[in-house]
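Let's walk through this one together, from single residues out to the whole chain. Keep the viewer open as you read.

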Amino acid sequence: MSVSLREIFNEHKWLWFLAGVSIFVAGCLTAVWLNQRSAAVDVPVMEAMKTEEASTKINETITEAQKRKDRLPEVIRDAKEKVLQSVGADGDADIARRWNSLLGRYREHKSAAGGI
């Protein structure tokens, strides 16, 4: 006496309705559960403000660093031009005096640091 599931559903037509309603309810519960998982979390107002301020400051710092980075080649080029103009106008004695001044500062620094 083997009864198949198809025979049971053919005998009792109301089981089709019950199965359909069960699937619909399961879908509704799943939708509610998924919506609750993605719902926004209530954050305290003060924490949200502090986080927003910190985020703004970080963005401003990043923007300023990017501006400085973009200006760097220009600054280097200007410095090189100034050095070339300054050295180009100097004679051999002036260059030797500058070189000796740099060496003197280097030696003072080394002796003050104990040779390090």
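Glu 11 sits in helix H1, which covers residues 5–11; helices here are DSSP runs of H or I with at least four residues, strands are runs of E with at least two, and both are numbered from the N terminus. Glu 11 is exposed, at a relative accessible area of 61%. On that scale, exposed means over 50% relative accessible area, buried means under 20%, and partly exposed is whatever falls in between, using a 1.4 Å probe and protein chains only. Now jump to Leu 102: it is 91 residues from Glu 11 in sequence, and the two C-alpha atoms are 106 Å apart in space.

Before going further, a word on what you're looking at: this is a predicted model, in which local features need pLDDT of at least 70 and side-chain atom pairs count only at pLDDT 80 or more, while totals for chains, interfaces and linings use all residues. Residues are numbered from 1 along each chain as its sequence is written, and side-chain values use heavy atoms, with hydrogens and water left out.

How many helices and strands does the protein chain have? There are 4 helices and 0 strands, so the pattern along the sequence reads α-α-α-α. The radius of gyration is 40 Å, well over the 13 Å that the globule rule gives for 116 residues, so the protein chain is more spread out than a compact globule. That radius is taken over C-alpha atoms, and the rule is 2.2 Å times the number of residues to the power 0.38. Along the principal axes, the C-alpha atoms fill a box of roughly 120 × 40 × 35 Å.

Gly 27, in helix H2, is partly exposed at 37% relative accessibility.

What about the surface? Buried residues make up 3% of the 116 residues in the protein chain. The accessible surface comes to about 10,800 Å², and 63% of that belongs to carbon and sulfur atoms. These areas come from the Shrake-Rupley method with a 1.4 Å probe; for residues, only the protein chains shown count as cover.

Part of that surface is a nonpolar patch formed by Phe 17, Val 21, Phe 24, Val 25 and Leu 29, with about 530 Å² of accessible area together. Patches take residues with over 30% relative accessible area and no salt bridge, joining nonpolar side chains (Val, Leu, Ile, Met, Phe, Trp, Tyr) within 5 Å and like charges within 9 Å. Val 21 is found in helix H2, residues 14–37, and is partly exposed at 35%.

On to the charges. The protein chain carries 17 positive and 16 negative charges, and their mean positions are 5 Å apart. Lys and Arg count as positive, Asp and Glu as negative, while His and the chain ends are not counted. Each charge is placed at NZ of Lys, CZ of Arg, CG of Asp or CD of Glu.

How many salt bridges does this give? The count comes to 3, where a salt bridge is a side-chain nitrogen of Lys or Arg within 4 Å of a carboxyl oxygen of Asp or Glu. One of them joins Arg 97 to Asp 94, with the closest N and O atoms 2.4 Å apart. These two are 3 residues apart in helix H4 (residues 92–112), so about one helical turn separates them. Arg 97 is exposed at 54%, whereas Asp 94 is partly exposed at 26%.

Glu 64 and Arg 68 form another bridge, their closest N and O atoms being 3.6 Å apart. Here the spacing is 4 residues in helix H3 (residues 45–89), which again means about one helical turn. Glu 64 is partly exposed at 33%, while Arg 68 is exposed at 55%.

The remaining topic is the bridge between Asp 78 and Arg 77, where the closest N and O atoms are 3.9 Å apart. Asp 78 is partly exposed at 31%, and Arg 77 is partly exposed at 45%.
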